[in-house]
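Take a walk through this protein with the structure open beside you. We start with one pair of side chains and widen the view from there.

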Amino acid sequence: LKPAQLEELVLVWKYNSFHASSPDSEESDASGLDVFIAPSFCSHSCMPNCWWSMSEDLHFEIFAGEDGLESGEELSISYIASSRLETLKTHERRELLAWNWLFLCACRRCLQRDITCIEPCNTRMITVLSYAEEEVYPDFNVFCDGCDARDLHGERAYYYHCDLCGYDLCPACAEND
(Lines give C-alpha, C1' and ligand atoms only; values in the text may rest on other atoms or scores of the structure.)
Protein backbone atom coordinates (compact mmCIF):
# COMPACT_ATOMS: atom_id res chain seq x y z
CA LEU A 1 0.00 0.00 0.00
CA LYS A 2 1.46 3.35 -1.03
CA PRO A 3 1.50 6.22 1.52
CA ALA A 4 -0.93 8.31 -0.56
CA GLN A 5 -3.41 5.41 -0.70
CA LEU A 6 -3.15 4.89 3.06
CA GLU A 7 -3.74 8.60 3.65
CA GLU A 8 -6.81 8.52 1.40
CA LEU A 9 -8.23 5.49 3.25
CA VAL A 10 -7.66 7.13 6.64
CA LEU A 11 -9.44 10.29 5.49
CA VAL A 12 -12.39 8.29 4.12
CA TRP A 13 -12.63 6.51 7.48
CA LYS A 14 -12.31 9.74 9.47
CA TYR A 15 -14.94 11.71 7.53
CA ASN A 16 -17.45 8.84 7.27
CA SER A 17 -17.31 7.57 10.84
CA PHE A 18 -19.56 8.11 13.82
CA HIS A 19 -18.66 8.30 17.48
CA ALA A 20 -19.77 5.12 19.23
CA SER A 21 -19.61 3.84 22.81
CA SER A 22 -19.85 0.25 23.88
CA PRO A 23 -22.54 -0.35 26.53
CA ASP A 24 -20.79 -3.61 27.49
CA SER A 25 -17.52 -1.94 28.34
CA GLU A 26 -16.39 -1.77 31.94
CA GLU A 27 -14.73 1.56 31.23
CA SER A 28 -17.22 4.42 31.26
CA ASP A 29 -15.25 6.39 28.69
CA ALA A 30 -14.64 3.52 26.26
CA SER A 31 -15.53 4.79 22.81
CA GLY A 32 -14.36 4.73 19.25
CA LEU A 33 -15.24 5.57 15.70
CA ASP A 34 -17.41 3.21 13.68
CA VAL A 35 -18.14 3.28 9.96
CA PHE A 36 -21.58 2.28 8.70
CA ILE A 37 -22.37 1.80 5.02
CA ALA A 38 -25.79 3.51 4.66
CA PRO A 39 -25.04 6.77 6.52
CA SER A 40 -21.74 7.20 4.70
CA PHE A 41 -23.85 7.83 1.58
CA CYS A 42 -26.03 10.47 3.28
CA SER A 43 -25.29 14.14 2.75
CA HIS A 44 -25.25 16.71 5.51
CA SER A 45 -27.99 19.29 5.88
CA CYS A 46 -28.81 21.72 8.68
CA MET A 47 -32.44 20.92 7.73
CA PRO A 48 -32.14 17.15 7.26
CA ASN A 49 -34.95 15.03 5.82
CA CYS A 50 -33.86 12.06 7.98
CA TRP A 51 -32.61 11.54 11.49
CA TRP A 52 -30.51 8.79 12.96
CA SER A 53 -29.87 6.99 16.20
CA MET A 54 -27.66 4.24 17.53
CA SER A 55 -29.55 1.27 18.97
CA GLU A 56 -28.49 -0.39 22.22
CA ASP A 57 -26.85 -3.19 20.25
CA LEU A 58 -24.88 -0.55 18.28
CA HIS A 59 -26.85 -0.76 15.04
CA PHE A 60 -27.11 2.49 13.10
CA GLU A 61 -30.73 3.36 12.33
CA ILE A 62 -31.95 5.99 9.85
CA PHE A 63 -35.54 7.28 9.96
CA ALA A 64 -37.42 9.49 7.51
CA GLY A 65 -38.35 12.90 8.87
CA GLU A 66 -41.89 14.11 9.58
CA ASP A 67 -42.54 14.95 5.92
CA GLY A 68 -41.44 11.54 4.68
CA LEU A 69 -39.35 11.10 1.55
CA GLU A 70 -40.12 11.40 -2.16
CA SER A 71 -39.04 8.65 -4.51
CA GLY A 72 -35.44 9.33 -5.56
CA GLU A 73 -34.94 12.08 -2.97
CA GLU A 74 -31.41 12.36 -1.59
CA LEU A 75 -31.13 11.33 2.07
CA SER A 76 -29.68 13.97 4.34
CA ILE A 77 -28.75 13.80 8.00
CA SER A 78 -27.17 16.39 10.24
CA TYR A 79 -23.52 15.90 11.14
CA ILE A 80 -24.20 18.26 14.05
CA ALA A 81 -25.99 16.94 17.13
CA SER A 82 -29.67 17.91 17.06
CA SER A 83 -29.33 19.56 20.48
CA ARG A 84 -26.83 22.03 18.99
CA LEU A 85 -28.33 22.32 15.52
CA GLU A 86 -31.16 24.62 16.62
CA THR A 87 -29.05 26.87 18.86
CA LEU A 88 -26.06 27.59 16.63
CA LYS A 89 -26.05 30.56 14.26
CA THR A 90 -25.24 29.99 10.60
CA HIS A 91 -21.60 31.02 10.89
CA GLU A 92 -21.20 28.86 14.02
CA ARG A 93 -22.61 25.78 12.25
CA ARG A 94 -20.42 26.43 9.23
CA GLU A 95 -17.37 26.90 11.47
CA LEU A 96 -18.04 23.57 13.21
CA LEU A 97 -18.49 21.75 9.90
CA ALA A 98 -15.43 23.38 8.32
CA TRP A 99 -13.21 22.40 11.30
CA ASN A 100 -14.45 18.84 11.52
CA TRP A 101 -15.38 17.88 7.93
CA LEU A 102 -13.52 20.47 5.81
CA PHE A 103 -16.48 21.87 3.90
CA LEU A 104 -18.54 25.04 3.95
CA CYS A 105 -22.19 24.14 4.37
CA ALA A 106 -24.39 25.28 1.50
CA CYS A 107 -27.58 23.48 2.49
CA ARG A 108 -30.93 25.20 2.01
CA ARG A 109 -30.93 26.39 5.65
CA CYS A 110 -27.54 28.02 5.34
CA LEU A 111 -28.33 29.29 1.83
CA GLN A 112 -24.78 30.06 0.88
CA ARG A 113 -24.91 33.45 -0.69
CA ASP A 114 -22.22 35.40 -2.43
CA ILE A 115 -20.29 37.51 0.03
CA THR A 116 -19.16 40.74 -1.56
CA CYS A 117 -16.32 42.92 -0.42
CA ILE A 118 -17.71 45.90 1.46
CA GLU A 119 -14.83 48.19 0.68
CA PRO A 120 -13.45 49.39 -1.54
CA CYS A 121 -14.22 47.28 -4.62
CA ASN A 122 -17.62 45.56 -4.05
CA THR A 123 -16.27 42.33 -5.63
CA ARG A 124 -17.33 38.75 -4.79
CA MET A 125 -15.09 37.36 -2.04
CA ILE A 126 -13.72 33.81 -2.01
CA THR A 127 -14.11 31.45 0.93
CA VAL A 128 -10.84 30.19 2.40
CA LEU A 129 -11.06 26.91 4.34
CA SER A 130 -8.16 27.35 6.73
CA TYR A 131 -6.94 23.75 7.01
CA ALA A 132 -7.81 22.68 3.49
CA GLU A 133 -6.05 25.48 1.60
CA GLU A 134 -2.71 27.22 1.50
CA GLU A 135 -2.38 30.41 3.51
CA VAL A 136 -3.29 33.58 1.63
CA TYR A 137 -0.44 35.45 3.36
CA PRO A 138 2.26 32.89 4.27
CA ASP A 139 4.09 33.73 7.52
CA PHE A 140 1.65 36.54 8.39
CA ASN A 141 -1.54 36.62 10.47
CA VAL A 142 -4.79 37.40 8.69
CA PHE A 143 -6.91 40.07 10.41
CA CYS A 144 -10.60 40.78 9.87
CA ASP A 145 -11.00 44.17 8.23
CA GLY A 146 -14.48 44.41 9.76
CA CYS A 147 -13.84 43.80 13.47
CA ASP A 148 -10.04 43.37 13.73
CA ALA A 149 -10.33 39.71 14.83
CA ARG A 150 -6.83 38.25 14.80
CA ASP A 151 -5.29 35.26 13.02
CA LEU A 152 -8.25 34.22 10.88
CA HIS A 153 -6.25 31.47 9.17
CA GLY A 154 -5.11 29.93 12.46
CA GLU A 155 -8.09 30.61 14.72
CA ARG A 156 -11.02 30.22 12.31
CA ALA A 157 -12.06 27.24 10.21
CA TYR A 158 -12.83 29.57 7.32
CA TYR A 159 -12.92 33.23 6.37
CA TYR A 160 -13.58 35.40 3.31
CA HIS A 161 -10.91 37.04 1.16
CA CYS A 162 -11.09 39.51 -1.74
CA ASP A 163 -8.47 38.68 -4.38
CA LEU A 164 -8.84 42.13 -5.94
CA CYS A 165 -8.19 44.41 -2.96
CA GLY A 166 -6.94 42.00 -0.27
CA TYR A 167 -9.82 42.71 2.14
CA ASP A 168 -10.51 39.87 4.65
CA LEU A 169 -13.62 39.21 6.76
CA CYS A 170 -14.37 36.76 9.56
CA PRO A 171 -17.58 34.72 9.15
CA ALA A 172 -19.50 36.79 11.70
CA CYS A 173 -18.80 40.09 9.89
CA ALA A 174 -19.32 38.66 6.39
CA GLU A 175 -22.52 36.73 7.11
CA ASN A 176 -24.10 39.27 9.48
CA ASP A 177 -25.96 36.78 11.64
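The side chains of R109 and E86 form a salt bridge, with 4.0 Å from N to O. A salt bridge here is a side-chain nitrogen of Lys or Arg within 4 Å of a carboxyl oxygen of Asp or Glu. R109 sits in the loop between α3 (90-101) and β7 (126-129), and E86 in the loop between α2 (82-85) and α3, so the pair ties together parts that are 23 residues apart in sequence. By this rule the count is 1 salt bridge. R109 is partly exposed, at 24% relative accessibility. E86 is exposed, at 59%. The cut-offs are these: buried is under 20% relative accessible area, exposed is over 50%, and partly exposed lies in between (1.4 Å probe, protein chains only).

A word on the source. This is a predicted model, in which local features need pLDDT of at least 70 and side-chain atom pairs count only at pLDDT 80 or more, while totals for chains, interfaces and linings use all residues. Residues are numbered from 1 along each chain as its sequence is written, and side-chain values use heavy atoms, leaving out hydrogens and water.

Now step back. The protein has 5 helices and 9 strands. Both are DSSP runs numbered from the N terminus: helices are H or I with at least four residues, strands are E with at least two.

Next, find the open sheet. Its 3 strands follow the order β7-β8-β9, with antiparallel pairing. Strands pair if DSSP finds at least two bridges between them. β7 and β9 (168-169) are at the edges with a single partner strand each, so one side of each has no neighbour in the sheet. β8 (residues 158-161) is joined to β9 by 2 bridges. Here Y160 stands opposite L169 in β9.

L1, L6, L9, V10, W13, L33 and V35 make a nonpolar patch of about 690 Å². Such a patch joins nonpolar side chains (Val, Leu, Ile, Met, Phe, Trp, Tyr) within 5 Å, from residues with over 30% relative accessible area and no salt bridge. Areas come from the Shrake-Rupley method with a 1.4 Å probe; for residues, only the protein chains shown count as cover. α1 gives the most, with 4 residues. L1 lies in the segment before α1, and is exposed at 74% relative accessibility.

Finally, the whole protein. Of its 177 residues, 31% count as buried. Its accessible surface is about 11,500 Å², and 51% of that belongs to carbon and sulfur atoms.

Key
Patches are made of residues with over 30% relative accessible area and no salt bridge: like charges are joined within 9 Å, nonpolar side chains (Val, Leu, Ile, Met, Phe, Trp, Tyr) within 5 Å.
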